[in-house]
Amino acid sequence: MNKFRKNIAVIEPSKILYEGLIASISKSEYNYSFYNFDSFDEIEIYYLKKEISIVLINPGLVQNRLNDFAKIKKQYPKILWIGIIYSFFDNSILKLFDDTFLITDEVSIIIKKINKLCSNNIGNNHEDGQLSEREIEVLHFIAKGLSNKETADKLNISIHTVNTHRKNIMEKTGIRSLAGLTIYAVSKGIISID
Amino acid sequence: MYKTQKSYITKDKKMLDLINDNYSLLLCLQHFDIDFSVDNKTVEELCFENNIDINVFIVISNLYNGFFPVENEINKINNITPILQFLKKSHSFYIEDMYPELKYYLGKIKNVHSSIDFQLIEQFFNEYFEEVLEHLKYEEEIAFPYFYSLMRNEKNKQTKSFSAKEYKSHHTDIETKLTDLKNLFLKHIKIKSDLSIKRKFLNTLFGLEFDLKIHSVVEEKLLIPLIERIENELNE
């Protein structure tokens, strides 16, 4: 079981359903925090502050905005999307979600579905927060103030790869600014200040 | 977005109950310049007494309770002055309360822990606050005067114009660095110091983060759309 807290966004216009849903799921042993959003656009505003793992969403909010939905899915590839189903939706819509549940499902089944998705996702969740050797090398140059391009040249890798490493470093350390990464690198002895 | 425990603020609720429910509302009252001795008054009575637009108060105070405004609440607001007054008061709070307080605690920690790590954190903090001050200066010198000129129905005569995009990117930077500071303290750097002082420092930092979050929601969700509406009306 994953001991880390998951932030779950719930996008469901019916307040009664929302309150009932989270009251039921909150009683599980898992560490979930729930946030209510009016639409999936708000995820963008919120995501910088807290990472959202799962979004429970009413497919009715998606079906007329398929392009926007595709865009946001692409922008946040780690978010898992679960459809809250209480009326008929076309299969082509349901396919867009990682999973779905019926509001008439047993609570334990709903919790199981959420948790199963969470644990499938652990692989790219950087649970231990340890940087790989390559990431340390990348951080070494970034913290010294080299650009992505210069870092790529030094390590003989593509800029794209540097970017990926950079993103992973930020995720693992929870530090996003260059100044903050430099402090991290100094404190871990990755670079030294002369 | 909201967490679900706190009560939703309406005009007929007693302020005293609301404060007992969530004492962060004291900070909200301070930003509206409302005294804390609220007696038995309702939200409506307090707003009336202090000459505050009740729609603005309800939307903003609900943010302190974790309720995100819905569209028809936002649409009810048609006066930017109370929003600007609220923002201005929050600015003084950041500059006069938060900043000196954090600096004071960092100074205390420095007395016992003066390693290179800590010097860097202090430098990071100073640069961070430099940025915050710059943003506040931008708001007060560029953005706010522009908004007021809009209220007076004047077309934009300024040379350096206000940009909503620039406004938003400032917020993102400010919030990112604050999170970094928290994470450096909580996850990465072992700083030898009195626990009590470190806790006070972090407490203040969390308090600042909470208020800054509300600050940017007020600006981005209430103020900017309202400004855009006024701009469109003027252009018609």
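**Exercise 1.** What is the accessible surface of chain A, and what percentage of it belongs to carbon and sulfur atoms?

*Solution.* The model is predicted. Its chain A has an accessible surface of about 10100 Å². Carbon and sulfur atoms hold 52% of that surface. As for the interior, 46% of the 194 residues count as buried.

**Exercise 2.** How many positive and negative side chains does chain A have, and how far apart do the centres of the two sets lie?

*Solution.* There are 25 positive and 23 negative side chains in chain A. The centres of these two sets are 3 Å apart.

**Exercise 3.** Work out the surroundings of Glu12(A), from its place in the chain to its partners.

*Solution.* Locate the residue: Glu12(A) sits in the loop that runs between strand E1 (6-11) and helix H1 (15-26). Check its charge: Glu12(A) is buried but forms no salt bridge. Lys15(A), the nearest side chain of opposite charge, is 8.3 Å away, whereas a salt bridge requires atoms within 4 Å. Then list the polar contacts: the Glu12(A) side chain meets the side chain of Asn58(A) at 3.2 Å and that of Tyr86(A) at 3.0 Å. Finally, beyond its neighbours within four places in sequence, the contacts of Glu12(A) include Leu17(A), Tyr18(A), Asn36(A), Phe37(A) and Ile84(A).

Methods. Residues numbered from 1 in each chain as written. Chains lettered and ligands numbered in written order. Predicted model: local features only at pLDDT ≥ 70, side-chain atom pairs only at ≥ 80, totals over all residues. Heavy atoms only, no water. Buried < 20%, exposed > 50% of the residue type's maximum accessible area, 1.4 Å probe, protein only. Areas by Shrake-Rupley, 256 points an atom, 1.4 Å probe, with all protein chains shown as cover. Lys, Arg positive; Asp, Glu negative; His and termini not counted. Charge placed at Lys NZ, Arg CZ, Asp CG, Glu CD. Helix = DSSP H or I, 4+ residues; strand = E, 2+ residues; numbered from the N terminus. Polar contact = N/O pair within 3.5 Å; in protein donor to acceptor, adjacent residues only side chain to side chain. Contact = heavy atoms within 4.5 Å.
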